[in-house]
Amino acid sequence: MLVTVLVLEAILQCLPVSSGLRLENSDPQVPFRRYLAHESYVYSHGWALTNARKGIINAQGASNSRDFKDGAAVLVLGDSFVESLMLDYPDTMQGQLEQALGGGVYAAGNSGNGLADTLVMARYYVPRVHPRTVVLFVDGSNLSTLLEPAKRGHNQIEPGPDGLRLVHTPYVEPGIKRLVSYSALVRYCYYNLKLPDWLSSALRRKGPPPAAAKNIAAQGAVLDYYLTQLRAVEDGSEVQFLFVVDGERDLLYNARKGVPSWEGNDRALFFARLKQHGFAAIDMQPVFAQHWAARREQMDFAPMDMHWNKVSHALAAEQIVSRLQVRSAVPVAQAK
């Protein structure tokens with residue numbers, strides 16, 4: 001058994017096994033997830049190590065972004081869809097925007113980020129890089145987890161003594177993580193085979209069914225707090241926020257068997273709240289539907305991975321550029 005393990009280790013050391021990424025410890029000064037600056041990484045998917053990619057983290061701890069500089073044209077914030085480890089930089093939304101706008105585009109995304117995280121990141125980065133526009137990416141998971149406790153390194157909006165408040169769950173790197181990450185076999189089992197996720201899923205299937213229905217009122221209250229706090233960031237600066245909202249791609253591919261990525265009425269609720277608070281948004285659903293009808297071209301890595309591929313990123317970048325061009329043609333006083 002030991003010989004077998006050593007042989008597997010030697011073989012996997014020569015293959016593009018996902019390296020994983022080490023996180024900086026979070027603290028009250030920088031209360032959100034970011035990777036170790038200037039760290040190199042390898043990405044690959046599944047047991048067959050498909051779609052292998054290499055990259056390097058920027059000075060701010062973000063993947064697929066130039067180092068941030070003051071006077072940004074666009075800052076893109078979000079989760080793993082913005083992080084885009086499965087794409088090369090030129091194929092990402094931010095890479096496409098940089099090419100179209102001639103520079104000044106930066107991005108910060110991290111797996112598992114929710115709305116509370118993007119609020120904290122906006123508060124942190126807007127006074128430092130002074131972007132003209134902040135693009136906020138939102139997908140179905142951001143609404144489905146809106147009322148769940150924050151995982152390590154993340155933030156959550158929850159009730160406090162004086163109403164809703166932001167709460168950060170600190171991240172401190174486990175001492176053993178750096179040690180075991182040297183093993184390609186361990187990384188292969190953890191990142192490529194995702195054995196911990198498989199075990200967790202198996203245990204959930206054996207346990208009792210999930211209980212209560214979603215608290216729509218609480219969900220709406222959290223959205224109101226989030227958008228009100230974003231407006232406070234906007235009003236104290238020259239920045240304007242623009243939401244990019246993911247659509248239902250799997251249902252386009254197969255209306256009968258497709259699995260929705262949004263729960264229940266979440267999309268409608270989110271758009272209603274955006275309209276109520278006066279925020280601009282790009283709904284990618286009609287964009288995806290039009291593209292699928294015209295080209296029958298897949299817009300993600302399904303069925304293995306539902307993250308956007310370069311097609312979706314390009315479509316979103318086109319929509320953002322178009323919206324920015326319209327906005328730039330409107331006098332500032334009128335736009336406000």
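With a relative accessibility of 11%, Leu49 counts as buried in this predicted model. The residue is placed in the loop between strand E1 (40-45) and strand E2 (50-56). Although Leu49 is not a glycine, its phi is positive, at about 60°. A positive phi in a residue other than glycine also occurs at Lys194, where the value is near 55°. Lys194 belongs to the loop between H7 and helix H8 (195-206). Its relative accessible area of 38% makes Lys194 partly exposed, whereas Leu49 is buried.

Further backbone features were found at a glycine and at a proline. Within helix H3 itself (residues 93-101), the buried residues are Met93, Gln94, Gly95, Leu97 and Glu98. The peptide bond between Ala302 and Pro303 is cis, with omega at about 5°. Pro303 is located in the loop between strand E10 (300-301) and strand E11 (305-308).

Strand E5 was examined for its burial and its pairing. All six of the six residues of this strand (residues 133-138) are buried, so E5 is largely enclosed by the rest of the structure. In a regular strand, side chains alternate between the two faces of the sheet. Both faces of E5 are covered, with Thr133, Val135 and Phe137 buried on one side and Val134, Leu136 and Val138 buried on the other. The strand has pairing partners in E3 and in E8. With strand E3 (residues 74-78), E5 pairs in the parallel sense over four bridges. Within this pairing, Val135 of E5 is the bridge partner of Val76. With strand E8 (residues 240-245), E5 is joined by six bridges, and these two strands also run parallel. Here Phe137 stands opposite Val244 of E8. Val135 and Phe137, which take part in these two pairings, are both among the buried residues on one side of E5.

Two helix pairs illustrate contrasting packing geometries. Helix H1 (residues 2-13) packs against helix H7 (residues 184-192) at an angle of about 80°, and their axes are 8 Å apart. Because angles of 65 to 115 degrees count as roughly perpendicular, H1 and H7 are assigned to that class. On the H1 side, the contact is made by Val5, Leu8, Glu9, Leu12 and Gln13; on the H7 side, these residues meet Ala184, Leu185 and Tyr188. By class, the residues of the contact comprise six nonpolar, one polar and one charged.

Helix H4 (residues 115-129) and helix H9 (residues 216-235) pack at an angle of about 10°, with an axis separation of 10 Å. These two helices are therefore roughly parallel to each other. From H4, the residues in the contact are Leu115, Thr118, Leu119, Ala122, Arg123 and Val126. Their counterparts in H9 are Leu223, Tyr225, Tyr226, Gln229, Leu230 and Val233. The contact of H4 with H9 consists of nine nonpolar, two polar and one charged residues. An α-helix has 3.6 residues a turn, so residues three or four places apart point the same way.

His291 lies in helix H12 (residues 284-295). The residue is buried, with a relative accessible area of 10%. When neighbours within four places in sequence are set aside, the contacts of His291 are with Arg296, Glu297, Met299, Val311 and Leu315.

The cysteines were also considered. A disulfide is a covalent bond between the sulfur atoms of two cysteines. A search of the whole structure returned zero disulfides. For Cys14, the closest cysteine sulfur is that of Cys189, at 17 Å, which is too far for a bond.

Note on methods. Residues numbered from 1 in each chain as written. Predicted model: local features only at pLDDT ≥ 70, side-chain atom pairs only at ≥ 80, totals over all residues. Heavy atoms only, no water. Buried < 20%, exposed > 50% of the residue type's maximum accessible area, 1.4 Å probe, protein only. Pairing = 2+ DSSP bridges. Contact = heavy atoms within 4.5 Å. Axes fitted to C-alpha atoms, helices over the stretch in contact; angles between N-to-C directions. Parallel < 35°, antiparallel > 145°, perpendicular 65-115°, else oblique. Nonpolar A, V, L, I, M, F, W, Y, C, P; charged D, E, K, R; others polar. Disulfide = S-S within 2.5 Å.
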